[in-house]
2 protein chains.
Amino acid sequence: MQESGYQFIGYRRSTDSAVTFQALNPATGQPLPGLFYSASVGEADQAMQLAAKAFEVYQHASGKTKAAFLQAIADEILALGDALIQRAMAETALPQARLEGERGRTVGQLRLFAQYLEEGSWVEARIDPALPERQPIPRSDIRNMLTPLGPVVVFGASNFPLAFSTAGGDTASALAAGCPVVVKAHPAHPGTSELVAGAIVAAAQKTGMPEGVFSMLFDQGHESGVALTAHPLTRAVAFTGSQKGGMALYQLAQQRAEPIPVFSEMGSVNPVILFPEAIKARTTALATQLAASVTLGVGQFCTNPGLILALETPELDGLLQQLGAAIEAATPGVMLSAGICENFSASSAEMLAQEGIELVGKTQNPANEYQAIPAIAKVPARHFLENPRLHEEVFGPFSLVVACVDEAELAQVIQALPGQLTGTLMAEVSEIESYRSIVQQLQNKVGRLIFNGVPTGVEVGHAMQHGGPFPATTDSRFTSVGTAAIRRFVRPVAYQDFPDVLLPDALKRDNPLNIWRLVNGEWSKS
Amino acid sequence: MQESGYQFIGYRRSTDSAVTFQALNPATGQPLPGLFYSASVGEADQAMQLAAKAFEVYQHASGKTKAAFLQAIADEILALGDALIQRAMAETALPQARLEGERGRTVGQLRLFAQYLEEGSWVEARIDPALPERQPIPRSDIRNMLTPLGPVVVFGASNFPLAFSTAGGDTASALAAGCPVVVKAHPAHPGTSELVAGAIVAAAQKTGMPEGVFSMLFDQGHESGVALTAHPLTRAVAFTGSQKGGMALYQLAQQRAEPIPVFSEMGSVNPVILFPEAIKARTTALATQLAASVTLGVGQFCTNPGLILALETPELDGLLQQLGAAIEAATPGVMLSAGICENFSASSAEMLAQEGIELVGKTQNPANEYQAIPAIAKVPARHFLENPRLHEEVFGPFSLVVACVDEAELAQVIQALPGQLTGTLMAEVSEIESYRSIVQQLQNKVGRLIFNGVPTGVEVGHAMQHGGPFPATTDSRFTSVGTAAIRRFVRPVAYQDFPDVLLPDALKRDNPLNIWRLVNGEWSKS
């Protein structure tokens with residue numbers, strides 16, 4: 001393709017920049033084929049102008065129309081075949097099976113949103129019919145539904161090059177809501193992003209979407225991302241990545257003349273509490289389960305269990321011996337980029353150097369400079385409570401076990417934690433009732449509680465919550481995974497005494513879409 | 001009462017400040033009886049500490065328990081009898097009938113929330129049951145419901161001393177959500193606030209609520225309001241008032257170490273579009289309707305129609321003659337405070353001095369220095385488009401008519417408007433279909449569209465949307481009126497593979513609360 005590496009501005013490929021960059025193979029540090037151009041501020045403006053123009057039409061697209069578009073995107077991604085998987089492997093060092101699974105997840109969530117749109121009840125139609133006889137004054141007919149906010153900017157994430165990137169959950173939910181999307185491609189996997197953006201554009205053209213419903217900019221630096229976030233036509237921003245990046249975008253958006261919502265998902269340490277009876281009953285199973293979750297995807301999940309809390313007991317020592325042995329036997333893995341790997345090694349080493357820290361286990365198999373060495377350490381709770389450095393996330397396969405002398409100290413540790421995406425309870429049903437207050441305290445810190453499972457693996461469904469109290473995310477009231485993610489990009493609009501002819505179909509008096517509506521406060525299809 | 005004028009810190013009345021202030025009668029400028037103490041930063045901290053402590057218990061209160069509390073507040077407010085109305089009249093100069101109506105609205109919305117809680121489906125329970133047989137991996141059981149955020153700070157508004165103040169919609173919805181509330185009383189009606197706060201505290205004690213579920217601070221200045229907003233235990237803030245105040249709190253909250261949502265409702269000019277056929281068919285009726293809405297409550301509503309848009313036609317001139325005559329015959333009204341009245345006179349005069357402005361009508365009846373003189377002016381659209389000063393709200397009984405040469409210019413005017421709470425269409429059904437694009441453009445600017453009605457009078461129901469794109473409010477995704485206002489103060493929490501014994505009742509497998517739940521994406525009570 002002649003235009004490879006150019007920006008996607010609506011249906012055009014173009015560039016007005018001379019600054020280029022290449023993707024690097026994280027397993028070798030060598031550049032990969034393909035030259036990508038860093039977008040200019042002018043190109044960011046072009047993409048946003050086109051998106052705003054497209055919004056005028058796309059906001060009125062029916063559920064069926066948008067569903068056909070999302071299905072076509074899924075089809076086009078699958079049609080890319082093995083070329084997509086191979087390029088993603090080269091750019092991220094993630095294994096083939098993982099990337100094939102992630103492609104399944106990406107395509108699956110596009111299709112789930114398509115079904116959600118076809119069913120149609122997601123607009124939360126609320127209807128309070130007129131009460132002309134009411135005293136002292138009659139009640140007007142008021143009808144309310146969710147409507148799209150406008151153009152959305154999505155930042156691709158490095159750790160899920162498909163499911164949280166160009167056509168990931170943020171893009172899928174924004175397009176489902178009726179919002180055009182401008183993606184800022186993650187510079188670590190530009191080739192993967194380009195293939196997927198091509199699939200989205202092909203789908204948009206085949207299904208007759210207005211030009212500008214999707215654009216994507218490459219940029220090795222921050223300039224175009226800042227320009228997109230600050231652009232007056234941008235109505236919301238979605239970001240998954242570091243605390244530093246997420247907060248920079250958030251602050252930028254709040255300082256605009258017109259502040260806009262920024263949904264930054266910035267990861268967390270995802271505390272796992274091991275309760276005494278569970279440790280006794282399932283020592284080996286727990287050690288195996290935890291070792292697998294800590295090292296899954298080289299620990300590069302936002303739900304990686306980075307913190308393990310337990311009461312100090314002889315049985316805990318027994319479990320940690322097995323966990324240590326499992327980590328020692330683990331295989332070092334190539335991380336997503338050389339920078340991430342360097343950060344991991346440095347943070348992991350810094351953690352191990354803190355006062356009171358004791359090594360539980362560290363992988364013994366040889367690793368090269370691009371590979372992370374998984375490790376688990378232990379610290380008494382009193383040190384943890386005194387040292388905020390120990391509360392921070394080490395992005396990668398590292399977990400810290402905090403041993404508490406009693407339940408009161410365990411409660412103190414939970415109290416000291418910042419907001420988290422998840423919290424996990426490893427417990428026997430028989431013992432957990434006596435720890436209700438611990439469960440409650442954990443709930444106040446997290447978006448999702450897991451009972452006897454692992455936090456990694458985030459189901460894409462209607463009930464999922466992926467988002468927790470700050471600083472896990474910038475807005476705990478929304479999820480970035482699952483169908484409810486669509487709510488980030490909509491607002492309610494009320495119509496008072498409107499004639500049927502002017503009402504959207506979802507609110508018309510005879511319910512032509514046959515959707516669930518809240519009529520006088522009761523769900524109904526009539 | 002010996003402690004009159006002291007802060008309400010949980011169930012105590014106390015003060016540690018020597019700074020006092022008095023309410024002024026806006027009709028005379030004279031001080032009213034009663035000395036109120038400006039709260040200290042230390043008292044703000046005490047109130048928040050108690051609120052956080054109360055949250056530990058109150059967040060688990062059942063719908064029935066919270067409903068009983070809200071009903072008791074309504075009862076206690078009614079039990080205050082005429083003393084409340086008299087004090088509110090003295091402090092606000094609002095007439096008796098208006099305040100009695102507002103009390104009805106306040107009590108009514110407390111009772112509506114009580115019913116909403118008793119019914120219980122508002123928690124939006126979402127259930128994706130386990131699929132143990134699913135390939136390639138089984139699906140976990142995931143259950144999700146809305147849970148309260150934590151302590152909420154509410155700022156009383158000056159223009160609705162009951163319905164948007166101490167026990168107004170913000171307090172009612174936050175308490176309904178399960179959040180303790182700390183109110184910063186509006187300094188223009190401290191006596192009214194004290195009576196209502198006493199009613200809330202009595203209700204809390206009678207229904208056995210934890211101490212700290214409600215506190216209220218007086219302050220003539222900003223210090224304690226700033227301290228409450230910046231306090232680390234505060235989880236959300238609700239404010240109704242000026243752009244300046246609302247934005248100051250918003251910016252303050254975004255600069256906290258942990259940013260929190262601020263719902264500032266900052267008013268708007270609420271454009272009303274008069275379409276040609278409607279003007280022809282209903283000249284006199286429209287003139288009467290508009291004159292009444294502009295002068296209602298001395299124009300001190302956030303939904304006051306401050307902007308009237310129309311195509312320049314001979315019929316428009318006819319209507320404006322009648323509208324002008326109606327305004328000339330209007331009665332000047334005492335405004336909420338001397339400061340508000342001065343601001344109104346100055347802004348109104350400044351508007352009338354702008355280029356291209358022509359007076360349509362101005363009240364001829366004599367007014368004293370505490371009374372506002374209602375006025376309506378007209379300006380050609382080309383001046384309006386060039387002069388941003390003309391886009392600003394004049395808080396009080398003032399409206400600007402913008403005459404457009406054609407539909408294209410009308411569209412330009414709408415495009416130039418900032419976000420609004422409401423937009424109104426005065427049109428014949430027969431003509432409106434040919435103005436679809438105008439309707440659409442207006443919709444993108446507002447939270448509520450009204451057809452052949454007036455924007456004043458905001459129904460408290462399930463379908464109301466009171467909140468619009470910035471700068472009408474800081475977050476257009478939420479409403480501050482109606483049952484959906486509860487959503488501002490909650491976040492979803494997901495429970496994965498939880499045993500029934502640990503689940504909240506709303507999520508238990510046999511649906512003991514018999515509420516509507518979204519099971520596999522379908523609303524159901526089974």
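Three bridges join E21(A) to E20(B), and these two strands run parallel; within this pairing, A:Gln496 stands opposite B:Ile450 in E20(B). Helices (H or I, at least four residues) and strands (E, at least two) are DSSP runs numbered from the N terminus, and two strands pair if DSSP finds at least two bridges between them. The model is a predicted one, in which local features need pLDDT of at least 70, side-chain atom pairs count only at pLDDT 80 or more, and totals for chains, interfaces and linings use all residues. Residues are numbered from 1 along each chain as its sequence is written, while chains are lettered from A and ligands numbered from 1 in the order in which they are written.

**The sheet across both chains**

The pairing of E21(A) with E20(B) belongs to an open sheet of twelve strands with mixed pairing, in the order E23(A)-E22(A)-E5(A)-E6(A)-E21(A)-E20(B)-E19(B)-E12(B)-E13(B)-E18(B)-E17(B)-E15(B). Its edges are strand E23 (522-524) of chain A and strand E15 (358-362) of chain B, each of which pairs on one side only. From one strand to the next the twist averages 25°, where axes are lines fitted to C-alpha atoms, for helices over the stretch in contact, and angles run from 0 to 180 degrees between N-to-C directions. In general, strands of a sheet pair through backbone hydrogen bonds, either parallel or antiparallel.

Within chain B, strand E12 (residues 271-274) and strand E13 (residues 307-311) run parallel and are joined by four bridges, with B:Ile273 opposite B:Leu309 in E13(B). Helix H16 (residues 436-443) of chain B packs on the sheet and touches strand E21 (490-496) of chain A as well as E12, strand E19 (420-426) and strand E20 (446-451) of chain B, its direction making about 140° with that of E20(B). Helix H14 (residues 407-416) of chain B lies across E13 and strand E18 (398-404) of chain B, running at about 140° to E18(B). Contact here requires that the C-beta atoms of two residues, placed from the backbone, lie within 7 Å.

**The interface and its symmetry**

The contact between the chains takes 50 residues from chain A and 50 residues from chain B. On the side of chain A that touches chain B, the elements that each supply at least two residues are strand E5 (126-128), strand E6 (142-148), helix H15 (429-432), helix H16 (436-443), E20 and E21, and the largest share, six residues, comes from E21(A). That side divides into 24 nonpolar, 15 polar and eleven charged residues, with Ala, Val, Leu, Ile, Met, Phe, Trp, Tyr, Cys and Pro counted as nonpolar, Asp, Glu, Lys and Arg as charged, and the others, Gly among them, as polar.

A rotation of 180° with 0.0 Å of shift along its axis superposes chain A on chain B with an RMSD of 0.0 Å, and the two copies are thus related as by a two-fold rotation axis. The superposition is by least squares on the C-alpha atoms of residues with pLDDT of at least 70 in both copies. Of the interface residues of chain A, 100% are also interface residues in chain B, so the copies meet through the same surface.

**Backbone geometry in the loops**

Most residues other than glycine have a negative phi, and most peptide bonds are trans.

| Feature | Value | Loop |
|---|---|---|
| cis peptide bond, A:Phe470 to A:Pro471 | omega near 5° | A:Pro471: between E20 and E21 of chain A |
| cis peptide bond, B:Phe470 to B:Pro471 | omega about 5° | B:Pro471: between E20 and E21 of chain B |

A:Asn452 is buried, with 20 other C-beta atoms within 10 Å, whereas A:Asn511 is partly exposed, with 18. A residue is buried if 20 or more other C-beta atoms, placed from the backbone, lie within 10 Å of its own, exposed if 12 or fewer, and partly exposed in between.

**Chain A as a whole**

Chain A has 16 helices and 23 strands. Of its 526 residues, 58% count as buried, and residues 24 or more positions apart account for 76% of its contacts with a separation of 6 or more.
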